[in-house]
Amino acid sequence: MQNKGARWGWILFEGAEAGLWICMIMEGQLERMILAVLCMALLFPWIGAVGDSKGHKRIGFLVCLILGFLGVVLAAWTGLGAMYLLAMLGFSAAGLLHAAFLTDVSDEAHMELISSLGSICFLLCGALALWIVPFLRESRFVLGFTAAWMVVFSIPFLVYVRHHHTALPSEYPLPREVLHRIRHTAVPMAKNRKIRSLVLAAFFCTAGVSTVLTHGAWNSKSTGWILLPALLALGLSGLGGKRWNGLQILAVWIGLCLCGCLLDLLLPGSAFMTVGALCFGIRALVRGCFGRIIPRDQSAAYFGIFCCLGCLGLLAGFFLGTVSFAPVLAGVLFCLSGAVLLYRRRGFAGIL
């Protein structure tokens, strides 16, 4: 396991992701975000399959981060929609490799905690960006702020985080070899009941998170209210796990989510903060559990497929988030996610 600097570098990078996506939403780039997610669903397995080779994960992360940064700068300079798309694609690919580094910066005992702290950083930075961006009236100022934000929150990751677990040679594989690696990753994932259940739970949960965030883009006044209960939920998933096991936390979350959905029927919009907080909490828990049970020297390939299916959940959430009762739909998705994990509780003995 790496030092504390590597852990905090991994955690802080999620703040860079939050800043970029909030700025893109505030810039009205939802249509290009949908196109970017479609492209990511196709590219992620390929990027992951290449990233496990010796040294490729860190090099790939740096290249994708530079492409994302250039996309933001060129979008501010030219205003071209293609540059917005380049920024989102480059930074999303960097985000995939960032998730794969979880197995390099943490041991098995702390993965849920570090994953939860990363989600807390995402929420804090997202709330801060939501407060700052409206004061930046012109598009070029917003994009300039985004570029500076990305640099600041990426520096600790670049300085401290290293790729330790490798099992493949450093040569770049041919397309046929990449397809072979993808198949040899996807088949074991589909056959492994624990991984299959986590991926399915993550799909429902990502759709719920995307529904909440998209709904917040249309109703930005309520977005800030997600922060306090989200921190509570994430604290339960990470710190509270020392006293409660994951199943107890999950049962409490499902109960709170159901209460929030019922409350939304009486006070429309009130379920937004409850459902959003719980979706972020279970997302952190699932990501930590997933990182614990996959092979450490194949983390990029596994997370590539994991994030590919997550993109499909994002697309579902984009469309569900535009309806008036989006928080209730997000709550249903969350409950489905929790039900999958509870149903598989025997298989997750020692994990949840």
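Two residues are in contact here when they have heavy atoms within 4.5 Å of each other. Counting contacts between residues at least 6 apart in sequence, 86% join residues at least 24 apart. The model is a predicted one, in which local features need pLDDT of at least 70, side-chain atom pairs count only at pLDDT 80 or more, and totals for chains, interfaces and linings use all residues. Residues are numbered from 1 along each chain as its sequence is written, and side-chain values use heavy atoms, with hydrogens and water left out.

As for the overall make-up, the chain has 14 helices and zero strands, where helices (H or I, at least four residues) and strands (E, at least two) are DSSP runs numbered from the N terminus. Read along the sequence, that gives α-α-α-α-α-α-α-α-α-α-α-α-α-α. Of the 352 residues, 54% count as buried, a label that means under 20% relative accessible area, with exposed meaning over 50% and partly exposed in between (1.4 Å probe, protein chains only).

Helix H1 takes up residues 4-26. Its 23 residues should span 33 Å at 1.5 Å a residue, and its end C-alpha atoms sit 34 Å apart, which agrees; the expected span is 1.5 Å times one less than the number of residues. Because 17 of those 23 residues are buried, H1 is largely enclosed by the rest of the structure. After H1 comes Gly 28, with a positive phi near 75 degrees.

His 98, in helix H4 (residues 81-100), counts as buried because its relative accessibility is 1%. Beyond its neighbours within four places in sequence, His 98 is in contact with Trp 10, Phe 13, Glu 14, Glu 17, Phe 61 and Phe 157. Ala 129 belongs to helix H6 (residues 111-132) and, at 0% relative accessibility, counts as buried too. Setting aside residues up to four places away in sequence, Ala 129 touches Gly 19, Ile 22, Pro 134 and Trp 149. Ala 18 is 111 residues from Ala 129 along the chain, yet their C-alpha atoms are separated by 7.9 Å.

Then there is helix H8. Its 17 residues should span 24 Å at 1.5 Å a residue, and the 25 Å between its end C-alpha atoms agrees. Buried in H8 are Val 178, Arg 181, Ile 182, Thr 185 and Met 189. They cover an arc of only 100 degrees around the axis, so they lie on the same side of H8; the arc is that of the directions from the helix axis to the C-beta atoms. The face turned away from this buried side carries exposed Arg 176, Arg 183 and Lys 191.

How does H8 pack against H2? Helix H2 (residues 30-51) and helix H8 (residues 175-191) meet at an angle of about 95 degrees, with axes 9 Å apart. Axes are lines fitted to C-alpha atoms, for helices over the stretch in contact, and angles run from 0 to 180 degrees between N-to-C directions. H2 and H8 are therefore roughly perpendicular, the word for 65 to 115 degrees (under 35 is roughly parallel, over 145 roughly antiparallel, the rest oblique). H2 contributes Pro 45, Trp 46, Ala 49 and Val 50, while H8 brings Pro 175, Val 178, Leu 179, Arg 181 and Ile 182.

Val 178 of H8 is buried because its relative accessibility is 3%. Val 178 and Ala 49 are 129 residues apart in sequence and 6.0 Å apart in space, C-alpha to C-alpha.
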